[in-house]
Amino acid sequence: QLQLVESGGGLVQSGGSLRLSCAASGFELYRYTIAWFRQAPGREREGVSCITKSGVNTIYADSVKGRFTIFKDNANSTAYLQMNSLKPEDTAIYYCAADSTQFGVHYCSTDSRYKYSYWGQGTQVTVSS
């Protein structure tokens, strides 16, 4: 059974940092494209970042570029989202997602046209001003 569990969310002041974890069980992480999405109250879900199966290539939304970093540890079956210089606008529930069929080993995307197969339950990130 495949499962993704997010953790690491919390309350942080503007300018602070958090590291989100996405623990994967039941499958080999290197076989899956991993992405982070977020949804703020009253707003649509938006793609934040993704990392390819190979781990070589990553994509970031313009709003987080230069502040967030996605990476993964295949041996520990865990993907991460390091969030620095956090802003109140980053406040949202953050979700980890995985998919094994839509992308090749060196490409990923968070565009809404792509439907990720597996999702975690989300972790709340709140950034105070």
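# Close-up views of a predicted model

View A. Looking past neighbours within four places in sequence, Ile34 is in contact with Leu29, Ser49, Cys50, Ile51, Ile70, Ala79, Cys96, Ala97 and Ala98 (contact means heavy atoms within 4.5 Å). This is a predicted model in which local features need pLDDT of at least 70 and side-chain atom pairs count only at pLDDT 80 or more, while totals for chains, interfaces and linings use all residues. Residues are numbered from 1 along each chain as its sequence is written, and side-chain values use heavy atoms, with hydrogens and water left out. A nonpolar core here is a set of buried Ala, Val, Leu, Ile, Met, Phe, Trp, Tyr and Cys residues joined through side-chain atoms within 4.5 Å. Buried means under 20% relative accessible area, exposed means over 50%, and partly exposed lies in between (1.4 Å probe, protein chains only). The largest such core holds 29 residues, and those with the most contacts inside it are Ile34, Trp36, Phe68, Leu81, Met83 and Tyr94. At least two residues of this core come from each of strand E3 (18-25), E4, E5, strand E7 (68-73), strand E8 (78-83), strand E9 (92-99) and strand E11 (123-128). A second, separate core has 7 residues, including Phe37, Cys50, Ala97 and Phe103. As a reminder, nonpolar side chains in soluble globular proteins tend to be buried together. The strand labels come from DSSP runs, numbered from the N terminus (helices, H or I, have at least four residues; strands, E, at least two).

**View B. Ser49, a buried serine in strand E5.** Ser49 sits in strand E5, and it counts as buried because its relative accessibility is 0%. A polar atom of the Ser49 side chain lies 2.8 Å from the backbone oxygen of Ile59. Such a polar contact is a pair of N or O atoms within 3.5 Å; within protein, one must be able to donate a hydrogen and the other to accept it, and residues adjacent in sequence count only if both atoms are side-chain atoms. Beyond neighbours within four places in sequence, Ser49 touches Ile34, Ala35, Trp36, Ile59, Tyr60, Ile70, Leu81 and Thr110.

View C. Arg38 pairs with Asp90 in a salt bridge whose closest N and O atoms are 2.9 Å apart. Arg38 belongs to strand E4 and Asp90 to the loop between E8 and E9, so the pair ties together parts that are 52 residues apart in sequence. Arg38 is buried at 4% relative accessible area, and Asp90 is buried at 2%. By the rule used here (a side-chain nitrogen of Lys or Arg within 4 Å of a carboxyl oxygen of Asp or Glu), the count comes to 5 salt bridges.

**View D. Arg67 within a salt-bridge network.** A network of salt bridges links Arg38, Glu46, Arg67 and Asp90. You will find Arg67 in the loop between strand E6 (58-60) and E7, where it counts as buried at 10% relative accessibility. With neighbours within four places in sequence left aside, the contacts of Arg67 are Gln82, Met83, Asn84, Ser85, Leu86, Lys87 and Asp90.

View E. Most residues other than glycine have a negative phi. Ser77 counts as buried, at 16% relative accessibility. Ser85 lies in the loop between E8 and E9 and has a positive phi near 50°. Ser85 is partly exposed, with a relative accessible area of 42%.

**View F. Salt bridges of Asp62 with Lys65 and of Arg113 with Asp111.** The side chains of Asp62 and Lys65 form a salt bridge at 3.2 Å, N to O, and both residues are exposed. Arg113 and Asp111 meet through their side chains at 2.9 Å, N to O. Arg113 counts as exposed at 61% relative accessibility, whereas Asp111 is partly exposed at 32%.

**View G. Arg43, an exposed loop residue.** Arg43 lies in the loop between strand E4 (33-39) and strand E5 (46-51). Its relative accessible area is 59%, so Arg43 is exposed. Arg43 and Ala92 are 49 residues apart in sequence, with 9.4 Å between their C-alpha atoms.
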